[in-house]
Structures are given as structure tokens and as C-alpha cells.
Amino acid sequence: MGVLWLDEVDKDDVPIVGGKAANLGELIRVGIPVPEGFVVDGKTFMDFLESSGLKEKIIEILNSINVEDTKQLEEASKKIREMIESTPMPKEVEEEIKQAYRKLCEESGEEVFVAVRSSATAEDLPGASFAGQQETYLNVRGEDEVVEKVRKCWSSLYTPRAIYYRVQKGFRHEDVSIAVVVQKMVNSEKSGVMFTSHPVTGDKIAIIEAVWGLGEAIVSGMVTPDHYEYDRVQRKIVVVKIAEKKVMLTRGEDGKTVKVELDEEKAKARVLSDSEIEELVKLGEIIEDHYGTPQDVEWAIEKGKIYIVQSRPITTIREEKREEEVELEEGKILLKGLGASPGIGIGKVKIVLSQDEISKVEEGDVLVTTMTTPDMVPAMRKASAIVTDEGGLTCHAAIVSRELGVPAVVGTEKATKILKDGMVVTVDGDKGVVYAGAIKEKKKEEKPAVVAQAPIVTATEVKVNISIPDAAERVAATGADGVGLFRIEHMVLGLKKHPMKYIRDGEVEEYINELYKGMKKVVKAFYPKPVWIRTLDAPTDEFRAMEGGEDEPIEANPMLGFRGIRRDLKEEEHFRAEIRAIKKLVDEGYTNIGIMLPLVTSPEEVRRAKQIIMEEGLPLDKIEFGIMVETPAAALIIEDIIKEGIDFISLGTNDLTQYTLAVDRNNENVAYLYNETHPAVMKLIERTIKICKKHGVKTSICGQAGSYPHVVEKLVRMGIDSVSANPDAVQRIKEVVARVEKKIMLDKLREKELENIPD
Ligand code: PEP
Ligand code: MG
């Protein structure tokens, strides 16, 4: 052994050639066109270490360091890599590699460009995953270069990250080796990616993205690709979206990647013909059938020939198909609004216009109301769907129904007028539509086998927002990394009287106990993951309806009024009650808590709140303490607030947007101006993140924008530490974050290659 051609290896060879090479071999065996290449097996590297005497030296160095000490780790890695790179390969190995390279060049009669990729190998180490830890070199040409890059791949078995990973996993360094794949590079006219089945639902819809030139342009986000969808059941192309692809990447004479501006005609031209799409899908189906699971495939076309460059299983498909993907047959549309909570609900309409009508709602009914209130929660739980006249994606009905998992359509304007008690309707919470009658699901082909959903681990934490303690278990099951916002208003609104009435009636202990019980459900369900509890943000208009709420002042604009931390500092007894409830939990050992202050505008507010917390004997060194940044004031003087001592900030973009743009978030007359990605809002966000990072203060977002993929992508790039999404968006946001993080890493890796590109 030593050098093996890719068509000589298969999945049984993983221990000696690594997963990457074995996978390519498997594809060739089932007739997939894969660029030609060979692999220098893992044993060759082991032999090299033995015969050169490097093995003992390496082990000695590794045994002498503490991998938690970054400096030591980096120095050890550098030393080992230098040793490997400066030790000549055995002559016969070098010759074998050169010969194989020459063979690759035979057909074209000139030195070809190759990719030299590491493929780590481990015998009998279940659970080992070395993907992405070792190096890859693209556009390598000439036999000496190839040999040098093989040695560099070898040495990359000892990057600090790889050493650290093995120690952490308890793998012996001696048990891990490295194979190196040398493969012809495709100088593609067109390239892209393909999901052989839908990446979330597992439906038999192949999704293809395509650009002109090299595929790096897609992965790096440089170009928006064309998007095609092919229905594998109906056997036809169902979506063709042509993007404007202003540039393409291609390889220059010297092997460097070159960015080329495209003229308008080419930029707007469709990349793939119908027959190319069909051919790609056929190849994708062969691969999916072979592995038995949907695949994420990279492809390239050179001189009209399709090559499959890489294929791996899709790990994002949900195991269970949620109702939200159900397609309905055509029906008569009665109403349209905003799809606020996904899923389909069918049932009898029950119109609830006042509190005493709540009891009308029976299991499976469709609850129709102007706007839900906290005392409707039990009825909401029973309902098969919820429809409201008013509200947007952050209204009570939207938040609560998402947490309860009940489909909802909000903001229909006239549901309570158009729908009548007893009518049977179908509510589509995805599309925001209410249909007359019970609409059947569209008949679909048998669902494809779907792969189990591997948990997605992201460096940027993906947390979840919660407001109904009873939903805590369900919300924790999303796998979120904690709670980035626990809005306690909904819980408090659900109590039998206004918080200040408890206090006035001398029943503060009872109130504290209510808070404690509700909070405990959440911190317990998530323990030991952190739960950031936000102190009460009670606008006067929302709290007036409660028993004892008659004393709420009448305000012309409650959004700018007596709410948030300013209110709690005036009604200090109330703030103290909240702190006491939290203290009870901390005393019981629930230290997975953060206290978060809403609507902060000055350092004095933070100072005073901290003082009260300390007076109540709540140890701030045991838990976290932070603020919401939801006013331009907080964003603009964040340095001064940081000086008061905070551990974190969370961007409340719902309010930050309304205060920055002077657009009342509850006023539909100006709703068209409400834009969380307005440049002014984005500037405030960017500034805040930057300054917090400088001072070691953690950053997060818990406004609705944290559930929007396009915003999250930007925030991850800005370096936000965590994102807190609505429960229904956690999985999607995890996927987005994982993809962006990968893109960032790839961009970095490719930076070197792209930096010499002429404009
Ligand atoms: C916000 O303002 O973005 C926020 C999360 O708080 P709320 O929506 O409760 O005002
Ligand atoms: Mg807010």
C-alpha cells in the first residue's frame, strides 16, 4: 500500500484512507463521475513517523504539555509541524506520489491543477470526527509542489485544534493517522450545490443552487445563485429563480482564483438548462439511494460534463414531519392575515368578545377574537387554532400560540365580523389564511426515509424566548442553549390581580410566591442552561384590565410612558418583590439565572437597580446581571452603562426600532415604516456589539429580529455571542447560525487564496 487510486477504495477502507477518500471511492463504484485522483494512505504517514524517528519525539512533546495552556499548545504544534515539514519523505514514497501525479497529467499532456486534501483516519475510534480539522490546498500544480503539500497535510494532523480535540475526546495521538487525497481540480464553467431531498422536511424535492464559474462563490456568499427545485415525485422542474450573478470566480493561468465581473446579459442568464437539472437530479438520486439518506452534494460542470465533487448526508431533516409543511387542497379563502404560529387547525369557530365568553371554547374549536388576553390562555390551549383581528408577530396571541404550538393567524382586521359562531374553518398558520370548511391535505407520495436529526452545535449560542411557564418543558425540548428572554408580563397578567394591588392589600408574600412558582418552572426545565429573567415591563394600557388596574394612569402614548425599569424604580416595592422571588430560587441552587432590566436609558437606573438587588441580599457574583438595549439612549451611551458593571446586554429590537424610527409598534397606520433592518437601527446594533465586545460584555438579541435568518446572519458576522429566537424558529436559526459560522471559517481559509485577485 502507499498510493491508492480513488477507484480502488471503498467504504471498508475508511480506517486506512479516511472518510473523505472512502466516500469518493464509493461514489465512483456506483457510477458517479468524480474527478480523478489518488490517495496516500494513513499507513504511509505512520511508517514515515516510525522510520524517521519522529514518532517518539512527537509523543514526548505532546506528553509534556498542558493543552489548556494555549501558549504551550501552540508552541508544541509549531515545533512538531516544523519537524514533519523539514524531514524528507522516504524516496520511494516521494517517487510513488510523483508518478501518480504524472499519471493524472497524462490525458491532458500538461501539468494539471490538483486539490490536496487531508483525510484523517482512525482505527477503532467510534465517535471520532475530524472533519475540518486538517488542511486542504487548492490549485496545486507540479510534482514537487504536490509532494510538499502532502507533507503539509501530514503536519496538519498536529494543528493546535486537532491536538486539543484528541486530548479532549480521550483519543491517543498514536491511534490517529492521516491520509491525503490528491484530486484533479475541475475548472468549472458552472457549479453549485444540490440537496437531493428537501433539507428540512425530507420531501422528495431536489434543490439546486448554481453560479457561473467556481462554486466557492456560493459558499462564501459572494454571489446569489440561481435556485431550482425539482419535484422528484412528479418528475418535473417546479421552481426556476434566476438571480443576478454580477461576478464569477474562475482560475487564472497561474492557478490563482480570479474574480471576473460579468456583463449584464451573462449575469442575468439562467445557469442550468432543464436537461442539466434533470441529469444532476438523476446523479443525486443514485447517491441518495446508495447511502439510503438524502445528500448534500457539491457539483461542477466543465466542458459540458458534470462532476460530483463531494457528497455528505443532510443532517438537518426533521425526524417528525410537522404539520406546518402540510399542503392544503384548494379552498375558498375567507380571510387573510399574518401567519403567526405554524401548522394547520380545523374546527368550529367560537367568537370570544368578552371575558365571560371564554368558557364557550371547547377542545378543538377555533378561537376567534379581537386580541387574546392572558386570561384566555387556558382556552387557547384547548383551541385547534387561533384567529385575531389585531396584532403582529410580537402580539400576545402570536407569542403565546407559538409557545403552545397552536396554529394562529393574527391581524386579519375583520375575523370577528366575517366569521360566525359554529362555522367550520381551516386555519393555515404558515400562510396566514383562513379557509371555509374543512380542507383536506393534498395527497402526497409516501414520505422518503429521513435521517435522524443530529443536534446542531453552534459557537454562537441559539437560545429561546419564553413567556408562559407552563410551556417551559415543551420549549426546552427545542434544544435551545438557554432562555435569552423570559418575559414575565404574560405570567403576571395571568394572576388574579394587579401586582400593585397585591402590595397595597398587604399580600406581597403571595405575589412573590406566584412569581417564584412561575419562574421555577422555567429555570428548572432549562437547568443548568441559563435563563435570563427580565424584570417586569408593564405598559399601563395592558395592565389596566386587571383587577386593581383601575389606578393605572391614562397615558397618551403608553409605549413612551410608565413601563420598564423606570416604572420598577418608582414602584420600588414591586421591584424588591421580583428580586426576592429570584433570591428564593438562587438560595435553592438555581444559579442558572440572569437578571435583565428592560427599557434602560441611563447608568443611574442600572446603579440604583443594582443597589436594591444588593440590599435584598441577592449575590450578583452567583448569577448574571444585564440589561436590554432597546432605546437609542442605551445604545449611544453603552460605555457609561458598562461602567456600572454588567455581564451582558440583549438587543430588544422591537422597541429599539420603534424608538429609533419614531414608529409606534402598535400603530397600524405607520406599520409600513416599521423596519428592524433600517440602517439607523443596524448602526446602533453594530456599535453596541462592538463596544460590548471590547469590554468583555456578552451580547445577545431577543427582539423578533433574532428569529429572522437575514438579520441573524448579519449579527453572527458582527460577532454576537448568542441569539434568542421564538420557540418555533429555534431549529431554523440554529441551521442559519451553523451555516454562517461555516461560511465565516471558509472565508477565512480562502482569504489567502482570494487576496491576490485583481478587481
Ligand atoms: C424588544 O423590545 O425587542 C423586546 C424583546 O421586548 P418586548 O417585545 O417585550 O418589548
Ligand atoms: Mg421591549
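Is Cys153 buried or exposed? Cys153 is buried, with a relative accessible area of 0%. I will come back to that cysteine in a moment. Please keep in mind that this is a predicted model, and that what I report is computed from it.

Overall picture, then. The chain has 759 residues, and its radius of gyration is 30 Å. A compact globule of that length would come out near 27 Å, so the two values agree. Along the principal axes, the C-alpha trace spans about 90 × 65 × 50 Å. For secondary structure, the chain contains 27 helices and 29 strands.

Of the 759 residues, 56% are buried. If you take the contacts with a separation of 6 or more, 67% of them are between residues 24 or more positions apart. The accessible surface is about 33,300 Å², and carbon and sulfur atoms account for 49% of that. On charge, there are 106 positive side chains and 134 negative ones. The centres of those two sets are 1 Å apart.

Back to the cysteines. How many disulfides are there? The count is zero. Cys153 is in none, and the nearest cysteine sulfur, in Cys105, lies 18 Å away. A disulfide is a covalent bond between the sulfur atoms of two cysteines. The cut-off used here is 2.5 Å between the sulfur atoms. Cys692 makes the point again: its closest cysteine sulfur is in Cys702, at 13 Å, which is too far for a bond. Cys692 is also buried, with 0% relative accessibility.

Next, one histidine. His490 sits in helix α15, which covers residues 489-493. At a relative accessible area of 12%, His490 counts as buried, because the limit for buried is under 20%. What is His490 in contact with, leaving aside neighbours within four places in sequence? The partners are Pro374, His396, Ile399, Val400, Ser467 and Ile468.

Now Asp47, in helix α2, residues 42-52. Asp47 is partly exposed, at 39% relative accessibility.

Last topic, the backbone. Most residues other than glycine have a negative phi, and most peptide bonds are trans.

The peptide bond joining Tyr527 and Pro528 is cis, with omega about 5 degrees. Pro528 is in the loop that runs between α17 (508-526) and β24 (531-534).

Arg235 is not a glycine, yet its phi is positive, about 55 degrees. Where is Arg235? It is in the loop between β8 (226-231) and β9 (236-241). Arg235 is partly exposed, with a relative accessible area of 41%.

Ala662 also has a positive phi, near 55 degrees. Its place is the loop between α24 (653-661) and α25 (679-694). With a relative accessible area of 72%, Ala662 is exposed; the cut-off for that class is over 50%.

To recap, there are zero disulfides, and Cys153 and Cys692 are both buried. The cis bond is at Tyr527 and Pro528, and positive phi values turn up at Arg235 and Ala662. That is what I have.

Key
Residues are numbered from 1 along each chain as its sequence is written. Chains are lettered from A and ligands numbered from 1 in the order in which they are written. This is a predicted model: local features need pLDDT of at least 70, side-chain atom pairs count only at pLDDT 80 or more; totals for chains, interfaces and linings use all residues. Side-chain values use heavy atoms; hydrogens and water are left out. Helices (H or I, at least four residues) and strands (E, at least two) are DSSP runs, numbered from the N terminus. The radius of gyration is taken over C-alpha atoms; the globule rule is 2.2 Å times the number of residues to the power 0.38. Buried means under 20% relative accessible area, exposed over 50%, partly exposed in between (1.4 Å probe, protein chains only). Contact means heavy atoms within 4.5 Å. Accessible areas come from the Shrake-Rupley method with a 1.4 Å probe; for residues, only the protein chains shown count as cover. Lys and Arg count as positive and Asp and Glu as negative; His and the chain ends are not counted. The place of a charge is taken as NZ of Lys, CZ of Arg, CG of Asp or CD of Glu.
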